[in-house]
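Have the sequence and the model side by side as you read.

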Amino acid sequence: MTTLRLAIVGAGPAGIYAADIILKAEKQFDVSIDLFEQLPAPYGLVRYGVAPDHPRIKGIITALREVLDTGRIRLFGNVLYGRDITLDDLKKHYNAVIFSTGAVRDADLAIPGIDLDGSYGAADFVSWFDGHPDVPREWPLEAREVAVIGNGNVALDVARMLAKHAEDLLPTEIPDNVHAGLAASPVTDVHVFGRRGPAQVKFTPLELRELGELRDVDMILHEEDFDYDEASKAAIASNKQVLVIDRVLTQWRARETGAASRRLHLHFYAKPVEVLGENGKVSGFRWERTRPDGAGGVEGTGEMRELPIQAIYRAVGYFGSPLDGIPFDEKRGVIPNREGQVLDDDGHEVPGVYATGWIKRGPVGLIGHTKSDAMETIRNLINGQASWWAPEHPDEQSVIDLLAERGIEYTDLDGWHNLDQHELGLGEAAGRTRIKVVPRDEMVAVSNKR
Ligand SMILES: Cc1cc2nc3c(=O)[nH]c(=O)nc-3n(C[C@H](O)[C@H](O)[C@H](O)COP(=O)(O)OP(=O)(O)OC[C@H]3O[C@@H](n4cnc5c(N)ncnc54)[C@H](O)[C@@H]3O)c2cc1C
């Protein structure tokens with residue numbers, strides 16, 4: 001029986017599910033999988049995106065770990081595709097590659113003032129509070145009044161992490177430096193702005209409800225936002241999720257406020273116009289009031305409003321990054337593909353190259369969606385056997401020799417087990433779930449201690 005030597009680049013949920021699915025698929029060949037990951041630890045945004053106070057979602061790591069622990073996948077962590085290993089290398093050692101590199105950058109928000117000091121992308125803040133090794137340890141939390149732009153779950157994560165009292169995060173896996181930073185934050189008011197109405201938000205009821213459960217934080221809503229048009233009423237009547245969101249918001253509107261030391265304000269029908277500044281620093285936010293356009297969208301009213309703020313976070317979406325030698329759609333931030341089979345600029349199939357997860361279809365959808373994604377990609381990979389590469393060095397040892405020759409200090413699955421145990425041990429000693437190791441060199445050193 002022939003053996004498919006498969007490289008997967010990116011050990012987030014998409015890459016791990018793809019490995020799992022091909023191992024279990026009915027096929028006329030054996031498969032040997034090497035999973036390359038630029039970080040010393042696997043799991044992508046489950047470890048470095050999902051908020052630390054979402055332990056249930058973080059728990060998906062257990063299922064992903066079971067896949068890695070089958071012993072049928074080799075993990076090469078701390079190996080960056082494009083620098084440590086190239087497309088030419090992969091062609092020499094494998095029959096095919098799947099890119100599952102996700103999306104880690106913030107999408108742009110092109111309004112004046114967005115580059116002022118005190119204006120941040122949500123992705124950077126998320127990386128900081130989740131202990132990503134490649135962002136600075138310190139995060140400037142000096143603002144009392146903060147704006148968060150966006151009406152998706154990431155905007156709610158950012159708003160919640162800013163408004164929540166730091167001691168309420170202590171039982172989670174929050175890194176020590178993050179706890180210290182948040183504990184010193186003088187924040188009193190977090191304002192979340194969405195362009196459309198409460199019946200058109202992108203966040204989900206569970207994540208919304210959590211905001212109202214924050215200790216010592218009042219939810220502030222504005223009655224003018226709840227004068228629903230026919231399209232909004234129809235959305236509430238026909239969509240269970242919108243109905244639940246409306247119910248949650250209605251309950252909050254009836255709540256007494258005024259006693260809490262922090263407030264979380266939800267502003268709807270607010271289109272960002274400008275970040276205002278003084279001496280190069282954020283000093284305010286200007287938006288245009290919008291109104292329903294009768295068809296489920298909104299239109300501008302021309303009425304401008306302003307609020308003093310000292311920091312602003314844009315949570316308007318993530319964006320994929322291009323990979324060396326691989327076609328890239330600059331507009332959508334994805335690898336162009338047909339059901340996971342990568343296509344060149346002329347729409348022709350690129351033999352042996354596949355994509356899955358957020359880099360395949362854009363940064364939308366939950367972790368579970370990456371599973372169905374992977375099924376589609378694997379189906380195409382299996383059917384595309386005739387166009388796989390014919391590698392010069394298909395043996396499993398040769399890629400290890402290559403990394404060694406280049407002096408790349410990679411981490412492997414045993415290394416991840418070491419790091420995992422170490423972090424859990426640090427957590428246990430402090431009465432916490434886990435304490436993440438943040439610096440990359442320390443992650444590598446702990447992983448590779450034998
Ligand atoms: C802030 C935030 C919160 C979220 N919360 C939830 C939630 O609560 N529930 C939920 O279901 N979903 C949540 N999601 C969505 C979920 O994280 C994604 O659906 C999922 O992680 C996408 O998987 P992926 O494998 O495509 O990408 P990723 O998880 O991003 O994994 C990609 C991996 O590829 C690696 N990589 C990138 N470039 C290279 C390279 N050049 N060489 C080697 N490796 C590389 C990265 O380091 C990363 O490990 C959240 C997302 C964000 C951003």
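What volume does the second largest pocket have? Its volume is about 310 Å³. A pocket here is an open set of points on a 1 Å grid over the protein atoms alone, where a 1.4 Å probe fits, with protein on both sides within 12 Å along at least five of seven lines, and lining residues have an atom within 4 Å of a point.

Before going further, please note that this is a predicted model, in which local features need pLDDT of at least 70 and side-chain atom pairs count only at pLDDT 80 or more, while totals for chains, interfaces and linings use all residues. Residues are numbered from 1 along each chain as its sequence is written, and side-chain values use heavy atoms, with hydrogens and water left out.

Among the 16 residues that line the second largest pocket, Lys 58, Ile 61, Glu 173, Thr 433 and Arg 434 are the closest to its centre. At least two lining residues come from each of helix 3 (55–58), helix 4 (60–68) and helix 15 (413–429); helices are DSSP runs (H or I, at least four residues), numbered from the N terminus. The lining divides into 7 charged, 5 nonpolar and 4 polar residues, where Ala, Val, Leu, Ile, Met, Phe, Trp, Tyr, Cys and Pro count as nonpolar, Asp, Glu, Lys and Arg as charged, and the others, Gly among them, as polar.

**Helix packing**

Two packed helices are described by the angle between their axes and the distance between the axes. Axes are lines fitted to C-alpha atoms over the stretch in contact, and angles run from 0 to 180 degrees between N-to-C directions.

| Helix pair | Angle | Axis distance |
|---|---|---|
| Helix 1 and helix 13 | about 50 degrees | 8 Å |
| Helix 6 and helix 7 | about 55 degrees | 10 Å |
| Helix 1 and helix 4 | about 45 degrees | 9 Å |

Helix 1 and helix 13 are therefore oblique to each other (angles under 35 degrees count as roughly parallel, over 145 as roughly antiparallel, 65 to 115 as roughly perpendicular and the rest as oblique). In helix 1, Pro 13, Ala 14, Tyr 17, Ala 18, Ile 21 and Ile 22 are in contact (heavy atoms within 4.5 Å) with residues of helix 13 including Ala 374, Met 375 and Ile 378. This contact of helix 1 with helix 13 has 11 nonpolar, 1 polar and 1 charged residues.

Helix 1 also meets helix 4, through Pro 13, Ile 16, Tyr 17 and Asp 20 on the helix 1 side and Ile 60, Leu 64, Val 67 and Leu 68 on the helix 4 side. By class, that contact has 7 nonpolar, no polar and 1 charged residues.

Notes
Grid points are joined across faces, edges and corners, and a volume is the space filled by probe spheres set on the points.
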